[in-house]
Amino acid sequence: MDGTAYVFRPNITVRKDMEIKDVAKDYILPFLPAKSLVRFRAVSKDWDSWISHPFLAHMQTLCFQDMSGFFCQDGFNQFFVSLDHDAYGIPESSLSFLPWTVKIKSSCNGLLLCQGVGDTDSVNEYYVCNPATRAFHVVPRSTYYHGPEPNLILAFEPSLLNIGEDFKVICAFDIYNGPPMLCFDIYSSETRSWTCCNAVCSELGAPYLKDNGIYKNGVAYWATSTGELLAFDTVNDICGVQPICSDVKDGWGILTLIDEELSYVQSYIEPSYLQTSMRIGNFCDGSETGMFGGVTDTNIFCDEIEDVKNKCIIEIFGGVNMCLKRRDVVGLDMNICNAWSFKVLFAVKRNHFIFNIDDILYSCDVKEEKFEVIRRGRIKPSTTYVPYVNSLVSLP
């Protein structure tokens, strides 16, 4: 030290008797996940009182927005996979505190949007909940029928002035029986009512919208099954469609945020016996029709190829034109027999991805070029995935 006294920022009030525990309570706790905060309530009565205070929950919602894990769901069943069991967690992953059995449709900054499943009445019910606190908000029914599998996005962007933690539910639904004609229905927790917007999208044709849409800065985004991007500006009530890129492989990627920028990530395997067999029209089960439609007289089986290393290709598209911005190659110490069993699920951070490979969940560190198993068992090909932030966010 050069003897110069440290000067605190003007917005920080410093008491002469302030101890390190006081600094931690005021300036560190808001940056911690919900599970850690609940455990720290046992430190003292003062900490218990502060962590239970609604303002701490509001500040934590602002300061902590890291992906903490994700929900896996197959049919009516769901379970939570934590990226750090010591830091991130929820009381129960079945969401049994909700009135109906539900299916998770979307998530945003610690909140989940769920749809009731089962009988006719429950299918039309939506709930917004915080699984960390077990609090939930019942969304009143819209005057429009959104269909049995609605295209829903939960929109919640924490801000210092949004003390009430207001959110929106955005639904893109087909209003006609003829050619696809998408309309947009928006529920606001502030007004507790639905509003059908004037914007209408007729540019998509037949493709369906993929799950896990993204909401950022007032705009809702959906990726389509044919590699296009649907954007709906909720502020100006306009919508548009653009291709992501000519290099996008249909149905192989995800829409996500990387460094707060809207991105599309796709991943596949090459070169390997997998790609060779698929190009010449042979599946690993010995059938002769490949995923690209070709048929050949040559038969290649996985167990006939030895010591062949696969390479994982990760391509990231972004920018105004959603063009290819980055391409990473990561070596794999495993042989993969089925192209459809290899799928990127999430981009946790810039160089951290989650994969489903042969129904086993892996964490991939691009810089270290390694895959680590994070979950075995209970994963089916039909399983869907929803990201989650371990937050104490309150509900209006």
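Colleague: Ser-106 is found in strand β3, which spans residues 102-108. What makes a stretch a strand or a helix here?

Modeller: Both are DSSP runs numbered from the N terminus: a helix is H or I over at least four residues, and a strand is E over at least two. By that definition the protein has six helices and 23 strands. This is a predicted model, in which local features need pLDDT of at least 70 and side-chain atom pairs count only at pLDDT 80 or more, while totals for chains, interfaces and linings use all residues. Residues are numbered from 1 along each chain as its sequence is written, and side-chain values use heavy atoms, with hydrogens and water left out.

Colleague: Why is Ser-106 called buried?

Modeller: Its relative accessible area is 1%. Buried means under 20%, exposed over 50% and partly exposed in between (1.4 Å probe, protein chains only), so Ser-106 counts as buried. In the protein, 50% of the 396 residues count as buried.

Colleague: What does Ser-106 touch?

Modeller: Contact means heavy atoms within 4.5 Å. Residues up to four places away in sequence aside, Ser-106 touches Leu-111, Leu-112, Leu-113, Leu-152, Ile-153, Leu-154 and Val-386. The side chain of Ser-106 also reaches the backbone nitrogen of Leu-154 at 3.0 Å.

Colleague: Asp-328 lies in strand β18, residues 323-332. How do you know that Asp-328 is buried?

Modeller: The relative accessible area of Asp-328 is 14%, so Asp-328 is classed as buried. Beyond its neighbours within four places in sequence, Asp-328 is in contact with Cys-312, Ile-313, Ile-314 and Val-366.

Colleague: What joins the side chains of Asp-328 and Arg-326?

Modeller: A polar contact of 2.7 Å joins them. The term covers a pair of N or O atoms within 3.5 Å; within protein, one must be able to donate a hydrogen and the other to accept it, and residues adjacent in sequence count only if both atoms are side-chain atoms.

Colleague: Which residues of helix α1 (residues 20-27) are buried, and what puts them on the same side?

Modeller: Asp-22, Ala-24 and Lys-25 are the buried residues of α1. They cover an arc of only 160° around the axis, and therefore lie on the same side of α1. That arc is taken from the directions from the helix axis to the C-beta atoms. The buried residues of α1 pack against α3 (45-51).
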